[in-house]
Amino acid sequence: MNEFLSIDTSTLSSKDCYNLLSNLIIPRPIALVSSISKSGVENLAPFSFFNIFSANPPIVIFAPNNSGRDGTPKHTYLNVKEVPEVVINVVTLEMVEKMNVAAAPWEQGVNEFEKAGF
């Protein structure tokens with residue numbers, strides 16, 4: 001007899017839903033996304049909600065959700081609204097420490113490339 005677990009995600013907090021979904025696919029790649037604001041301010045941020053969506057046409061996706069810390073829009077999202085272009089890199093083992101520095105809750109306008117040492 002097969003038993004299935006059914007979860008009503010509408011009953012979960014955002015944090016619990018995130019934890020559930022992010023633990024479904026392990027290990028998963030991390031994208032290190034760079035963007036730039038209209039005024040030229042560079043931004044660098046990691047995203048774990050990242051994957052290949054299509055090969056034909058080639059589409060790679062990432063999800064710049066609102067901050068889990070305070071619910072505000074992430075700087076990457078704000079930049080992409082102004083300048084619809086990003087560069088997506090896959091985080092390698094050698095980049096993990098620098099990626100963690102870039103992931104800190106830096107204020108808008110802080111250059112994460114410099115802070116992380118890239």
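My entries on the sheet follow.

**Ground rules.** I am reading a predicted model, in which local features need pLDDT of at least 70, side-chain atom pairs count only at pLDDT 80 or more, and totals for chains, interfaces and linings use all residues. Residues are numbered from 1 along each chain as its sequence is written, and side-chain values use heavy atoms, with hydrogens and water left out.

**The sheet.** I found three strands in an open sheet, ordered β2-β1-β5, with antiparallel pairing. Strands here are DSSP runs (E, at least two residues), as helices are (H or I, at least four), numbered from the N terminus; two strands pair if DSSP finds at least two bridges between them. β2 and β5 (87-90) are the edge strands, each pairing on one side only. From one strand to the next, the twist averages 20°.

**The hairpin.** I looked at β1 (residues 31-36) and β2 next, and they pair antiparallel over six bridges. Five residues lie between the two strands of this hairpin, and Gly-40 in the turn has a positive phi of about 95°. Leu-32 has Pro-46 in β2 as its bridge partner.

Ala-31 stands opposite Val-90 in β5.

**Cover.** How many of the six residues of β2 are buried? I noted five in this strand (residues 42-47), where buried means under 20% relative accessible area with a 1.4 Å probe, protein chains only.

Definitions and conventions. Buried < 20%, exposed > 50% of the residue type's maximum accessible area, 1.4 Å probe, protein only. Axes fitted to C-alpha atoms, helices over the stretch in contact; angles between N-to-C directions.
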